[in-house]
Amino acid sequence: MIRLKKLLISLLVFFIIIVGIGIFIYNSTFGENLFKVYISSKLTMIKTFKINSFHYSFNSFSAIFQKGNNYIYIYGNIFPFRATYEANLDKLSELTDKLRGVIKSNGEIIDRGIIFINGNALFANGYSNIKFQCNKKCVGTLNGDEFNTQELLQMLKINFPYVEGTNNLFVVFKENSKEIKSNFNVDFKYDDIVLKNMSGKLNMNCQKNALIFNIRAKNDRVSIDLNGKKNNNLILSGNIKLPLNLLKKYTLYSFNGDADINFSVDYLNNILKFTNKYFNGDYSNNIITININQMPSSLFFSYLNLPNLLNGFINGTIIINNEGNFDLIINKAFIKNNNLINYIKRKTHCNINTFDVVLAKGSFDKNKIIFTIIAKNNHCIATIKQGVYFYNGKSRYLLEIYSQNKTKFKFKIDNNKIKLINVIKNVQQRDNSILVF
C-alpha cells in the first residue's frame, strides 16, 4: 500500500513537471515560434509573407501576414487547424510581375489533410467566389460576374483602352496552367470606328511559356472570330465580317457593302495581312495594298456604290497612303447600253459594247477620283484622259474614239450630259497605245 502511494505521488510530480514545462514553453518565445512554424506550414501559399503580429490563447490564434502594402489577417483554431481569413492585397505588383491593382478577399481555411480555401474575392469592380485546394501547389476555381473590362485589362497589364464594358469570369487554376472563360458585352472605339454592344466569348489557356486564346464577338453590324498565341511574339489570325464604310478613314473612299475577310497579324514585322475570295493584301507602315483577283464587275461596282456599267472580271492593284492609286485591267468586257453609249454608237458607228481589254488607272482622295481609261476592240480604241468623278455624284471627262476607218471623235461628258465637240478624219492612230499605258 505504501509502495503504491509512493508511485502515485511520483507520477503526480512527473505530470506536474511535464505540465509546468508545457506551460513554460507555451508562454515562452520558443513556444510562440513553434506555433508560428506550425501555422506557416499550413499556409505555404503565402510563404513569401512575413508574420508581423501573432497572438494565441489555448487552442486559438490570430496573425497578421504582411508583404509590402499587402496584408492577410487570419484567426481561428490551432488543433485541428481551421481559420477565417481577410486579405487586403492593396499592391499586387509587389506580389507578382504579372498583375497590378487591388484585391479584397475573405473566407475560411480548413485542414483536411490538404488545405481547402473557400471564400470570395472583389477586384475590377466585380465579385467572385473562389475554391482552392493546396498541397505542394494550389489548384481550384474562380467564378465571378460584372467585372469592369477596362479595370480588368489594367490589372492584367494589358494596354488596350479601346473597350468599355463588363465581363464575367470562370477560371480554372491547374498545377502548371490556367484556363479562362469569359462572356462579355463591350463598346469598342478606335479612331472613327465605333462598335456598340459587342457581345461574345473568350477562351484562354495560360501556360508557363505560352498564351493561347480565342475571341468570338458580334453585334448587329460586325462579327469577329480571333485566334491568338503569345510566347516570344504575339501572333493573331481570324475572320471578320464588317461593313466596309467603317474603314473610310483608312481607305479614303467610302466603300459600300459588307466583306468577309480573313486576316493575320505579324507583330514582329508590323504587318497586317488579309484575304478574301476576290482580293488580298496587307497593311504596313500606314500603307494599304489591295490586289484584286477576278472580281465580278457587279461586286466591284457595288463596293463603289456605283451603277454596274459593264460585265466582266476585274484584276489589278489599289495602293492607299495619303492618297490612293489604282491600276486595273478587265479582259473581255461587255459595256451595258445606256443613253450615253447609244448616243456614241450613233455618232461613231462603232461597236463600243464589247472590248477585248479595258485598262484603268488613276488616283483618289477623300473627295474625288481622277482616272484615265483605254479600251480596245477590233473596231476602235476608246480613251478617257484625266477624267474626274466627285463623291457627290458629279463627273466630267473627255472621251476620244478612234474608229477603224481612221476617224477620231471627241466627246465632252459633264454630269452625264454628252456633246460631240470634234471629228477628225484620216487620223494616223497606232494601236500600241495600250502597250505604253
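Strands S22 (residues 368-376) and S23 run antiparallel and are joined by 8 bridges. Welcome to this structure, which is a predicted model. The tour starts with the strand pairs, moves on to the aromatic rings and a lysine in a helix, and ends with some backbone features.

**Around strand S23**

- Strand S23 covers residues 380-390 and is mostly covered, with 8 of its 11 residues buried.

**Around strand S9**

- Strand S8 (residues 138-148) pairs with S9 in the antiparallel sense, over 7 bridges.
- To find this pairing in the model, look for Leu-142, whose bridge partner in S9 is Val-171.
- S9 is also joined to S10 by 9 bridges, and these two strands run antiparallel.
- Here Val-172 stands opposite Glu-179 of S10.
- A hairpin leads from S9 to S10 through 3 residues.

**Aromatic rings**

- Across the whole structure, a search finds 16 aromatic pairs.
- One of them is formed by Phe-160 and Phe-188, a tilted pair with 6.4 Å centre to centre and 40° between the planes.
- This pair links distant parts of the chain, as its residues are 28 apart: Phe-160 sits in the loop between helix H3 (149-155) and strand S9 (163-173), while Phe-188 belongs to strand S10 (residues 177-190).
- Phe-160 is partly exposed, at 33% relative accessible area, and Phe-188 is partly exposed too, at 22%.
- Tyr-253 and Phe-255 form another tilted pair, at 5.1 Å centre to centre and with 55° between the planes.
- Tyr-253 is buried, with a relative accessible area of 7%, and Phe-255 also counts as buried, at 14% relative accessibility.
- Ring pairs also connect Phe-54, Tyr-56, Phe-61 and Phe-81 into a cluster.
- Arg-112 lies over the face of Phe-116, 5.5 Å from the ring centre.

- Lys-42 is part of helix H2, which spans residues 29-42.
- Is Lys-42 buried or exposed? Lys-42 counts as buried because its relative accessibility is 19%, and the cut-off for buried is under 20%.
- The side chain of Lys-42 makes a polar contact with the side chain of Asp-111, at 2.5 Å.
- Setting aside neighbours within four places in sequence, Lys-42 is in contact with Phe-81, Asp-111 and Ile-115.
- Phe-81, one of these contacts, is also a member of the ring cluster described above.

**Backbone features in the loops**

- Where is Pro-80 placed? Pro-80 is in the loop between strand S3 (70-77) and strand S4 (82-89).
- The peptide bond joining Phe-79 and Pro-80 is cis, with omega about -15°.
- Ala-124 is not a glycine, yet has a positive phi of about 50°.
- The loop that holds Ala-124 lies between strand S6 (115-123) and strand S7 (126-134), and Ala-124 counts as buried at 7% relative accessibility.
- Asp-191, likewise not a glycine, has a positive phi of about 55°.
- Asp-191 is found in the loop between S10 and strand S11 (193-207), where Asp-191 counts as partly exposed at 37% relative accessibility.

Methods: Residues are numbered from 1 along each chain as its sequence is written. This is a predicted model: local features need pLDDT of at least 70, side-chain atom pairs count only at pLDDT 80 or more; totals for chains, interfaces and linings use all residues. Side-chain values use heavy atoms; hydrogens and water are left out. Helices (H or I, at least four residues) and strands (E, at least two) are DSSP runs, numbered from the N terminus. Buried means under 20% relative accessible area, exposed over 50%, partly exposed in between (1.4 Å probe, protein chains only). A polar contact is a pair of N or O atoms within 3.5 Å; within protein, one must be able to donate a hydrogen and the other to accept it, and residues adjacent in sequence count only if both atoms are side-chain atoms. Contact means heavy atoms within 4.5 Å. Rings of Phe, Tyr and Trp (its six-membered ring) pair if their centres lie within 6.5 Å; planes under 30 degrees apart count as stacked, over 60 as edge-to-face and the rest as tilted. A charge sits over a ring if NZ of Lys or CZ of Arg is within 6 Å of the ring centre and within 35 degrees of the ring normal. Two strands pair if DSSP finds at least two bridges between them.
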